[in-house]
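I opened the model to look up its fold, its cores and a few single residues. My notes are below the display.

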Amino acid sequence: VEIDDASIDAIGRWPWPRNVHATLLQRIAAARPRAVALDLVLSEPSPEPAHDRSLAEAIRAASPVVMPVVWRADGVRALAPLLPVPPLRDAAILGAAEAPVDEDGVQRHAFLRAGPADAPYPHLALALLRAGGEAVHPRVVAESAPAGAGDAPWLRDGRFLIRFAGAPGSVTSVSYVDVLRGTVAADRLAGQYVLVGLTAQGLGDTLATPVNMRHHAMPGVEVLAHTLYTLRSGDTIRAVPAAAWAAVSALAAFALVLAFARLGSRGALPLAVASVPVALAASWLALG
């Protein structure tokens, strides 16, 4: 359920009063979904306390509903969880929402658990999966945290690679304002995992992913959908261990140098040129 540009135009500038979200959840709850993720950071009290109470009541009525816990810097390096306001956190199931990126700024992986070492939160997608009565598919391989990591004040455990099932825009979506107006048929939401989040331009909740290509960055709520898909389906990616990849690379280089020695200077150049498409073909087969 996209908080898209059409919804912003129709409802007004962001952020919206929380009783608007309460009405949306009432519409969604009437369709009887499997579980709902309200992927919004609502960590500050509403100017109208009654709106927080109204949203909390709607969350209980639409149960199960999961909401994100994000992190804030507490001092120079320490991290602290930033929770939804009390009426909402008491009504919803909480899950960790973070976007760990590689050195190139692209998100390829996530962690099953993250947060304070004594009480980490499940990933928001994992919390949603459990709320829907399902478990992580056995084919999903997650790396455990190093020994002793639990002694650190902050823990990230269960690293796994995300299978992005398509480019941005590939997840089935409906506009927030259409659900609010009741123009979305209930059978489109019935029995489904329903994720509510920001996709409107300029609201900043976007991430670089391996499948962006020529598209704009992927909205965070859509990354969450692909993460849920990975955990639920087992359509996962397995990284080649670093030692195995290093051994294959060293063996290939050794074989090429050995061939140079056998063929002499005349055969070295054609062999070197021929090795390029061979390397590309091997990479293509490995991706398969």
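These entries go from the whole chain to cores, a sheet and the surface.

**Entry 1: ground rules**

I am working on a predicted model, where local features need pLDDT of at least 70, side-chain atom pairs count only at pLDDT 80 or more, and totals for chains, interfaces and linings use all residues. I number residues from 1 along each chain as its sequence is written, and side-chain values use heavy atoms, with hydrogens and water left out.

**Entry 2: whole chain**

I found 8 helices and 11 strands in the protein chain. Helices (H or I, at least four residues) and strands (E, at least two) are DSSP runs, numbered from the N terminus. The C-alpha trace spans about 85 × 45 × 35 Å along its principal axes. I looked up burial next: 41% of the 288 residues count as buried. Buried means under 20% relative accessible area, exposed over 50%, and partly exposed in between (1.4 Å probe, protein chains only). The chain exposes about 15,900 Å², and carbon and sulfur atoms supply 57% of that area. Accessible areas come from the Shrake-Rupley method with a 1.4 Å probe; for residues, only the protein chains shown count as cover. Of the contacts (heavy atoms within 4.5 Å) between residues at least 6 apart in sequence, 74% join residues at least 24 apart.

**Entry 3: cores**

Which residues touch the most other members of the largest nonpolar core? Val1, Ile28, Ile59 and Tyr176 do, in a core of 42 residues. Elements giving two or more residues to this core include α2 (18-30), α3 (49-61), β3 (65-73) and β9 (193-198). The largest share, 5 residues, comes from α2. A nonpolar core is a set of buried Ala, Val, Leu, Ile, Met, Phe, Trp, Tyr and Cys residues joined through side-chain atoms within 4.5 Å.

I listed the contacts of isoleucine 28, not counting residues up to four places away in sequence: Val1, Pro33, Val36, Val179, Leu189, Val194 and Val196. A second, separate core has 26 residues, among them Ala35, Leu112, Ile162 and Val211.

**Entry 4: leucine 38**

Is leucine 38 buried or exposed? It counts as buried, because its relative accessibility is 0%. Leucine 38 lies in strand β2 (residues 35-38). Beyond residues up to four places away in sequence, it touches Leu25, Val65, Val66, Met67, Pro68 and Val196. Leucine 180 is 142 residues from leucine 38 in sequence and 14 Å from it in space, C-alpha to C-alpha.

**Entry 5: a sheet**

I traced an open sheet of 3 strands, in the order β7-β6-β8, with antiparallel pairing. β7 (121-122) and β8 (154-161) stand at the edges with a single partner strand each, so one side of each has no neighbour in the sheet. Two strands pair if DSSP finds at least two bridges between them. Strand β6 (residues 109-116) is joined to β7 by 2 bridges. Arginine 113 has proline 122 in β7 as its bridge partner.

**Entry 6: surface and α8**

Valine 240 lies in the loop between α7 (220-233) and α8 (242-287). I note valine 240 as exposed, because its relative accessible area is 54%.

I then checked alanine 279, in helix α8. Alanine 279 counts as partly exposed, because its relative accessibility is 44%. It is 27 residues from alanine 252 in sequence and 9.3 Å from it in space, C-alpha to C-alpha.
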